[in-house]
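Dear colleague,

I am handing over the structure below, and the notes that follow it set out what was found. Please read them with the structure open beside you.

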Amino acid sequence: MKKLAVILTLMLLSAFAGAQDHGISFDRTQWDFGTVSNDDGTVFHTFEITNSSTEDFRIGGLATSCSCVNAYIGRIYIKAGETVKLEVSIKAGGYGDKEYCVILYDSDEKKVERITLKINRI
């Protein structure tokens, strides 16, 4: 069991090390929408992603932890030195208080970054 834990830890560390090799960084990796009511509809936040490397970064995909979360970049490549916006929305009504996430993958489908979203519903 300890061997499995060590292997999983090494896999996670190598995935995050890959993000540093690509030079991708986020202005923040967490956002708390605070307390919202079901009547608020959909709430939005925009993250900034910067490619500080000398090579273009190809986005392999975005994944969300729930169908109530949407994430949109609007492009496949982030050019070297460029900063782009990642727009995230979450439906205020419905699914209870908990954390959600958005995961950005590189073109080799290695996990690059995880963004955590928190929401409290009244």
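Strand E3, residues 42-51, and strand E7, residues 83-91, are paired in the antiparallel sense over nine bridges, where strands are DSSP runs of E of at least two residues, helices are runs of H or I of at least four, both are numbered from the N terminus, and two strands count as paired if DSSP finds at least two bridges between them. Along this pairing, Glu-48 has Lys-85 in E7 as its bridge partner, Thr-50 stands opposite Thr-83 in E7, and Phe-44 stands opposite Ser-89 in E7.

Before going further, please keep in mind that this is a predicted model, in which local features need pLDDT of at least 70 and side-chain atom pairs count only at pLDDT 80 or more, while totals for chains, interfaces and linings use all residues. Residues are numbered from 1 along each chain as its sequence is written, and side-chain values use heavy atoms, with hydrogens and water left out.

As for confidence, the mean pLDDT of the chain is 78, and 77% of its residues reach 70 or more, pLDDT being the predictor's confidence in each residue on a scale from 0 to 100. Residues 1-20 call for caution: pLDDT stays under 50 over this stretch, for which the model has seven contacts beyond four places in sequence, a contact meaning heavy atoms within 4.5 Å.

Among contacts in the chain with a separation of 6 or more, 65% are between residues 24 or more positions apart.

Returning to the strands, E7 also pairs with strand E5, residues 69-72, and these two run antiparallel and are joined by four bridges; here Val-69 has Ile-90 in E7 as its bridge partner. E1 and E3 pair in the antiparallel sense over three bridges, and Ile-24 has Asn-51 in E3 as its bridge partner. Together, four strands form an open sheet in the order E1-E3-E7-E5, with antiparallel pairing. E1 and E5 stand at the edges, each with a single partner strand, so one side of each is left without a neighbour in the sheet. Neighbouring strands of this sheet are turned by 25° against each other on average, direction ignored, the axes being lines fitted to C-alpha atoms (for helices, over the stretch in contact) and angles running from 0 to 180 degrees between N-to-C directions.

Which residues of E3 lie on its covered face? They are Val-43, His-45, Phe-47, Ile-49 and Asn-51, whereas Thr-42, Phe-44, Thr-46, Glu-48 and Thr-50 make up the uncovered face. His-45, found in strand E3, counts as buried at 13% relative accessibility, since buried means under 20% relative accessible area, exposed over 50%, and partly exposed in between, with a 1.4 Å probe and protein chains only. Leaving aside neighbours within four places in sequence, His-45 is in contact with Arg-28, Trp-31, Phe-33, Leu-86, Glu-87 and Val-88.

One of those residues, Trp-31, has its place in strand E2 and is partly exposed, with a relative accessible area of 27%. Not counting residues up to four places away in sequence, Trp-31 touches His-45, Phe-47, Thr-116, Leu-117 and Lys-118. The C-alpha atoms of Trp-31 and Cys-101, which are 70 residues apart along the chain, are separated by 9.9 Å.

On burial as a whole, buried residues make up 33% of the 122 residues in the chain. A nonpolar core is a set of buried Ala, Val, Leu, Ile, Met, Phe, Trp, Tyr and Cys residues joined through side-chain atoms within 4.5 Å; in the largest one, which has 26 residues, those touching the most other members are Ile-49, Val-69, Leu-86, Ile-90, Tyr-100, Leu-104 and Leu-117. At least two residues of this core come from each of E1, E2, E3, E4, E7, E8 and E9.

Finally, regarding the cysteines, Cys-66 counts as buried at 14% relative accessibility, and Cys-68 is buried with a relative accessible area of 1%. The count of disulfides, each being a pair of cysteine sulfur atoms within 2.5 Å, comes to zero.

With best regards
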